[in-house]
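The paragraphs after it are meant to be read alongside the coordinates.

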Amino acid sequence: MVRITLLVWTFLLACHSLAIDKVTVATTEYSPFTDSAAIHGGFVNRVIREAFARKGIAVEFKYLPWKRAVVMSTEAKYDALSFTFENAERELDFFFSDQLSDHSEVFFIKKGTNIPDWENLSDLSEYDFGATRAYTYTDEFWSLVKMGTLKATEVPDDLTNFKKLAAGRIDIFPMDEITGWSIVNNELPTLKHTLETLEKPLRATKGFLCFPRKAAQSEVLLKIFNEGLETIKDDGTYQRFYNELLSGIY
C-alpha cells in the first residue's frame with residue numbers, strides 16, 4: 001500500500017510538473033540580491049530564474065514594496081516570494097525552499113557615534129534604532145522593542161533609514177552588510193565615508209524562496225524548484241553566479 005501511494009504521488013507530481021510552464025514571483029528592491037535595474041535582476045533572482053529554467057519553467061518577477069509583497073504572497077496572489085531570511089513566524093504561512101544565500105546583518109552607525117562593545121542587545125537600550133517595516137531582524141530584537149527596552153522607529157524603506165542615520169535622527173540601523181553598502185554607494189555616495197558598521201553583527205542568517213501554504217500547487221513547485229537549485233549547485237553554475245556577484249555582475 002505504501003509503495004502504491006508513493007507511485008501515485010510521484011505520478012501526480014509529474015502531471016503537475018508538465019502543466020506548469022510559468023510562475024510569478026513577488027519580489028522587492030534589495031540590491032544586489034534582488035534588483036529590477038540589474039542585468040540579471042540581482043543574485044538571488046538570477047539563481048531563482050536559472051533553477052526554474054532547468055525544469056522548463058519561466059519566471060516573471062513582480063517588484064513591490066516589501067510589506068505588500070509579503071501580504072499578497074501570503075494570500076497566494078503570487079506563486080512565490082523572493083526572498084526572506086530565517087523566520088519561524090513566516091514559516092507558518094510559507095513553505096521555505098532549500099537555502100539560496102548567506103547573509104550577515106550588521107549595525108550601521110554614523111562615524112563618531114560612541115557605542116561601546118555589547119554582549120546583549122539590551123546593552124544598547126540608550127540608543128535609537130531605525131527599522132524597515134515588515135523586516136525580520138530577530139525575535140529577540142522585536143521582543144525588546146515591544147517591551148520598551150529598545151527604542152526603534154519603523155519606516156517603509158531602507159534608504160529612508162540611511163538618510164535618518166546620516167542626519168543623526170537615529171543612532172543604529174541593522175541591515176544586511178552587502179545590501180547596506182550597495183544602497184549607500186549607489187544612492188548616497190557623498191555619505192559613504194561618514195558611516196561604518198559595528199564589529200559584532202546582529203546575526204548571521206540565510207535566504208530562502210517562499211511558497212504560500214494557501215496555494216494548492218506550492219508543494220509541487222517547492223519540489224521542482226529545489227531540484228533545479230540542486231542541479232545548478234552541483235554543476236558549478238551557482239558558484240559562478242556568486243563569483244560574478246562579488247565582481248559586480250548580478
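Residues are numbered from 1 along each chain as its sequence is written, and side-chain values use heavy atoms, with hydrogens and water left out. The pLDDT, which is the predictor's confidence in each residue on a scale from 0 to 100, averages 92 over the protein, and 93% of the residues score at least 70. Over residues 1-12, however, the pLDDT is below 50, and this stretch has zero contacts in the model beyond near neighbours in sequence, a contact being heavy atoms within 4.5 Å. Where pLDDT is low, the predicted coordinates should not be read in detail.

Helices (H or I, at least four residues) and strands (E, at least two) are DSSP runs, numbered from the N terminus. Two strands are said to pair if DSSP finds at least two bridges between them. On that basis E10 pairs in the antiparallel sense with strand E3 (residues 80-85) over four bridges, with Leu81 having Cys210 of E10 as its bridge partner.

Leaving aside neighbours within four places in sequence, Ser82 is in contact with Val25, Ala26, Thr27, Thr28, Thr34, Val44, Asn45, Ile48, Trp66 and Leu209.

Helix H6 (residues 177-187) has Thr179, Gly180, Ser182, Ile183 and Val184 as its buried residues, and these pack against strand E5 (101-110), helix H5 (158-166), strand E8 (173-176) and strand E9 (195-197). At the start of H6, a side-chain oxygen of Asp176 comes to within 3.2 Å of the backbone nitrogen of Ile178.

Helix H7 (residues 218-234) has 17 residues and spans 24 Å from its first C-alpha to its last, close to the 24 Å expected at 1.5 Å a residue, where the expected span is 1.5 Å times one less than the number of residues. The buried residues of H7 are Ser218, Val220, Leu221, Leu222, Ile224, Phe225, Asn226, Gly228, Leu229 and Ile232. After the helix comes Gly236, with a positive phi near 90 degrees.

How many salt bridges does a search of the whole structure find? With a salt bridge taken as a side-chain nitrogen of Lys or Arg within 4 Å of a carboxyl oxygen of Asp or Glu, the search finds 11. One of them joins the side chains of Asp235 and Arg54, at 2.7 Å from N to O. That pair links distant parts of the chain, with Asp235 in the loop between H7 and helix H8 (237-246) and Arg54 in the loop between helix H2 (43-53) and strand E2 (58-63), 181 residues apart. Asp235 counts as partly exposed because its relative accessibility is 42%, and Arg54, at 34%, is likewise partly exposed.

Lys55 forms a salt bridge with Glu227, the closest N and O atoms being 2.9 Å apart. Here Lys55 lies in the loop between H2 and E2 and Glu227 in helix H7, so that distant parts of the chain, 172 residues apart, are linked. Lys55 is partly exposed at 37% relative accessibility, and Glu227 is partly exposed at 28%.

Glu75 forms a salt bridge with Lys214, whose closest N and O atoms are 3.1 Å apart. Because Glu75 lies in the loop between helix H3 (66-74) and E3, and Lys214 in the loop between E10 and H7, the pair ties together parts that are 139 residues apart in sequence. Glu75 is partly exposed, with a relative accessible area of 41%, whereas Lys214 is exposed, at 56%. Elsewhere, Lys22, Glu60 and Lys62 are linked in a network of salt bridges.

Key:
Predicted model: local features only at pLDDT ≥ 70, side-chain atom pairs only at ≥ 80, totals over all residues. Buried < 20%, exposed > 50% of the residue type's maximum accessible area, 1.4 Å probe, protein only. Polar contact = N/O pair within 3.5 Å; in protein donor to acceptor, adjacent residues only side chain to side chain.
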